[in-house]
Amino acid sequence: MDLFDYMRETNKEKESPLASRMRPSTLEEVAGQQHIIGKDKLLYRAIKADKLGSVIFYGPPGTGKTTLARVIANTTQSRFTQINATVAGKKDMEEVVKEAKDLYGMYQQKTILFIDEIHRFNKGQQDYLLPFVEDGTLTLIGATTENPFFEVNGALLSRSSVFELKALEKEDIKKLIERAVYDKEKGMGNYHAVIDEDALEFLAEIAGGDARSALNAVELGVLTTERADDGRIHITLDVAAECIQKRVVRYDKTGDNHYDTISAFIKSMRGSDPDAAVYYLAKMLYAGEDIRFIARRIIIAASEDVGNADPMALTVAVSAAQAVERIGMPEARIILSQAVLYVASAPKSNAAVKAIGAADENVRQYKTTVPSHLQDAHYKGAQKLGHGIGYKYAHDYPGHYVRQQYLPDEIKDARFYEPGDLGYERKIKERLEELRKE
């Protein structure tokens, strides 16, 4: 590296975006992701021991995929090189492979290749890597926001460990924001800025687990806000909202307004008011609510409030949740709207809630034994114990039904499921009434 290269790298580090400067250099500095980098976890031990095999990091933007790769670069004795699949081609990979072979041949030093956005590589490009990953020429670290089981070559996956990174928790984001504002080495501390508590809460909430989004907002706020009379730059709630380009829905510390909106959303679906339900959906999306959280609430409503009155409601809700994971915003709002309108307009039943509640109460109240004719009769000696004797196979009887006792003796006459009179559940109710008469 000559003087000009050195100066270029130095200036690049100083002038790079805050989110880049704030990247941790050790595992201990990484925010969140304790499910994979906790001190008792495999990935932590492998990185610390410099014994990492090929891995794929999968997760939403801003959760630390590139950060983990950088930490590995700082701890490994292997040569670390990086390419981005959005701009790299086969020629770039050929050069990496050649250098890796030469390095290992001359110095027995291994090479770790980090490929950002690996899902952007086509099948041919991914296939090219296979033999070099398999023979150890390269240790691959791939990062992707897309589900690798859909987007990454199966043969390459089979040679790698997949680690899923989760959206950061609100408290993790708050710590990162505070460090960014006050840290004088990597952060904006030399600007003498302060951030108001409600602005801190707002940014941590609205970031939706994306650290980069929150840090970009902090940097923009500090660089574009004039100093107050006290000589400090004040990041207020209004400044924070403007910088992250989200309108303020005032989430206080206890989350009252936040949960009030969600409560109204759920109750509107339950109350069969599609107009109100889609309004509260729009309000949450406008405020930057996590689309995965919204999707989970729709799934719950589809089962809790619709149930078997329209069994398709749960299918629609689950499909919507899977779709928004793959599509993302802004198109995800259309998918969520479809699911919300379906669940809100569907006939309603909470019989499933009552059934599991009543059954749970009985489980806690009585100690029961499975009737002997229902017990497993396949293992050796079971019939000598009377297990399975007397069981009637329903498909051997007309209508594929035969009356026999299924509940334990202690609660043999109990009734847990009482179907409602709306939608498809009316048919279920009529059928069960016929069977019970028999």
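**Close-up views of a predicted model**

View 1. Helices (H or I, at least four residues) and strands (E, at least two) are DSSP runs, numbered from the N terminus. UniProt lists these residues, 51–169, as "domain: AAA+ ATPase" in an unreviewed entry; such annotations may be inferred rather than shown by experiment. A quick note on the model: it is predicted, so local features need pLDDT of at least 70 and side-chain atom pairs count only at pLDDT 80 or more, while totals for chains, interfaces and linings use all residues. Residues are numbered from 1 along each chain as its sequence is written, and side-chain values use heavy atoms, with hydrogens and water left out.

**View 2. Arg-21 meets Glu-219.** A search of the whole structure turns up 19 salt bridges (a side-chain nitrogen of Lys or Arg within 4 Å of a carboxyl oxygen of Asp or Glu). Here is one of them: Arg-21 pairs with Glu-219, with the closest N and O atoms 3.8 Å apart. The pair links distant parts of the chain, 198 residues apart: Arg-21 belongs to helix H2 (residues 18–21) and Glu-219 to helix H12 (residues 211–224). Are these two buried or exposed? Both Arg-21 and Glu-219 are buried. Buried means under 20% relative accessible area, exposed over 50%, and partly exposed in between (1.4 Å probe, protein chains only).

**View 3. A strand tied to a helix.** Arg-79 and Glu-99 join their side chains in a salt bridge, 2.5 Å from N to O. Arg-79 is in strand E2 (residues 79–84) and Glu-99 in helix H6 (residues 90–107), 20 residues apart. Why does Arg-79 count as partly exposed? Because its relative accessibility is 24%. Glu-99 is partly exposed too, at 38%.

**View 4. Arg-270 and Glu-304.** The side chains of this pair, Arg-270 and Glu-304, form a salt bridge at 3.9 Å, N to O. Arg-270 lies in helix H14 (residues 256–270) and Glu-304 in helix H16 (residues 291–306), so the pair ties together parts 34 residues apart in sequence. Arg-270 has a relative accessible area of 35%, so it counts as partly exposed.

**View 5. A salt-bridge network.** Which residues are linked in this network of salt bridges? They are Lys-170, Glu-171, Lys-174, Glu-197, Glu-201 and Glu-205.
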